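Let's take a walk through a protein model together. Keep the structure in view and follow along as we go from one part to the next.

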Amino acid sequence: MAAKLFGIMMINVQSIELSIVNLRTLKQVERVHSDVSLGEDIYDQHTIDYDSVEQATQALTGFIQIIHDYGVEDYHLWGSWSLSTADNADYIQDQLLVRTGLKIDWLSNSQETYLRSAAVAVNFPKFKQVIQQPTYLLGINSGSVGISHYNHGNFSFSRSLRLGPVRIAEVLEDLQSTVPNYVEVLDDYISSEIADFGRFLPATNHQPSNVVMLGVAPFSNLFQQQTTKAGVTEMTKADFQALYNDVINASDQYLMDKYEVDENDVHFIVPELLLINELLQLTNAETIWLGNVTVLDGLIIQEAVKLGYKKYNFNDQIVTAATNLANRYNVEPKHRDLVTKFSLHLFDQLKPLHHLGKRDRLLLQVAAIVHDVGSYIDPHQHYMHSDYILRATEITGLTNDEKQIIATIARYHSAQTPSKDIKHFEHMTLEQRLVISKLSAILRIADALDDGRQQKITKISVSIKNPKVIITCFSHDDLFLENWVFSQKAEFFKEVFGLTPVIKRRGVR
């Protein structure tokens, strides 16, 4: 079978990368790196450098030529979350589209964390063994740190901290020349930013942990000698402390000579090392592994799975993140779990009506888990509170569009319907509106089946008999309340699918 080559390009704050990869084997046949900095002042001035667009255009044009030289027909360009937050990101996106024909798809912060996790899980041979013990994955990029936690072999937690070495260096650019104890003040600043973040870590953070650290230059340069000397990618706390002591007060020339740090990156070294030191203390790191996989490697895996060449499944991280969010807002677990169970059963049995895919099923599952988070603020019109909470909250592994879809589904699971609230749909595509309407209609039905929060119905079966969808509910209790609420919520289902859902009760033996 012929190799399926795919080209994946990634624009970061400080560089642009290309990987040409065989998706069947995940073997890279070409990897190209271009030092084009589009975001030189992005954290300070909140804009992408217009003067760098021409350099980016030249780099991307060169990448396209390489792609064509390999005979690659399918390729895609992604942009980092940090760049997407710039005030002029849309203009730069359009300029690059006009000049190169490539459209940037922006990643969300939570996607980047998820993609790094996928890359480590696939490429780090010891990973399954390591995560049997408390383990943190620290993905360090220019403007943020993604922190994921694992224990007993399972993913348990993920969160992003908007604090990276480039962001720190830009925000505090004038500090070095104005204070005598620059390193001490910088350390205090980083410590203050991390303090609140620590409250959200799992309770196990007081236990000794493994830490897997990922990063790009200058991170990779800083630890390169440590890695190559030992021939492995493992460090102890003592190894790190020795490196820290050697670097923290060193001159720029010393760092460039000994650690081969680029002159343009050398002023990021101290902020990065201080940040890493604080994070290792926060996670009580005992053993440290250094990795060189990036978001680009995660994108490769994602593409291979999407096109059916690999069967990796990391959806459990998305579901766990949604469950953590529901727990944070004290969502009642029995109702949540039953509504999720009914929603997924309805989705599976109604495939002839909705024609939606596996990813849509996952979005329904997440929406069912988190649809009641707004009750934490006020049970009255809780669906509206759920909407804005979900729009403002990261959920690991979801795109920004998917997050908006889930927030909108949560908004319409109760009283309102999309048909009567069209202003929330105006900015969405027809495809997105249809997905939201179909999934909202299913969730409304599932939610109605436990409206009394008493779990009267233990299971359901579904059959399609035009012009009806018959939902048989197994219960030994009366269903007067459920029938009344169901009849109200069923109207929107009929509007969307053209069939009338009805309840039939069957006693439980």
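A residue is called buried when its relative accessible area is under 20%, exposed when that area is over 50%, and partly exposed in between, using a 1.4 Å probe and protein chains only. This is a predicted model, in which local features need pLDDT of at least 70 and side-chain atom pairs count only at pLDDT 80 or more, while totals for chains, interfaces and linings use all residues. Residues are numbered from 1 along each chain as its sequence is written, and side-chain values use heavy atoms, with hydrogens and water left out.

Let's begin with a sheet. Helices (H or I, at least four residues) and strands (E, at least two) are DSSP runs, numbered from the N terminus. Two strands pair if DSSP finds at least two bridges between them. Strands of a sheet pair through backbone hydrogen bonds, either parallel or antiparallel. Here, 5 strands form an open sheet with mixed pairing, in the order β3-β2-β1-β4-β5. At its edges are β3 and β5 (104-106), each of which pairs on one side only. From one strand to the next, the twist averages 25°; axes are lines fitted to C-alpha atoms, for helices over the stretch in contact, and angles run from 0 to 180 degrees between N-to-C directions.

Look now at β2 and β3, which pair in the antiparallel sense over 7 bridges. Ser-19 stands opposite Arg-31 in β3. The loop between β2 (16-22) and β3 (27-34) holds Leu-26. Helix α2 (residues 53-69) lies across β1 (5-11), β2, β3 and β4 (74-79), running at about 10° to β2. Contact means heavy atoms within 4.5 Å.

Next comes the backbone. Most residues other than glycine have a negative phi, and most peptide bonds are trans. Leu-26 has a positive phi of about 65°, and Arg-453 has a positive phi of about 55°. Arg-453 sits in the loop between α20 (430-448) and β12 and is partly exposed, with a relative accessible area of 36%. Asn-466 and Pro-467 are joined by a cis peptide bond, with omega about 15°. Pro-467 belongs to the loop between β12 (459-465) and β13 (468-474).

Finally, look inside. A nonpolar core is a set of buried Ala, Val, Leu, Ile, Met, Phe, Trp, Tyr and Cys residues joined through side-chain atoms within 4.5 Å. The largest has 90 residues, and Leu-346, Leu-390, Leu-449, Ile-460 and Ile-471 have the most contacts inside it. Helix α20 gives the most to this core, with 9 residues.
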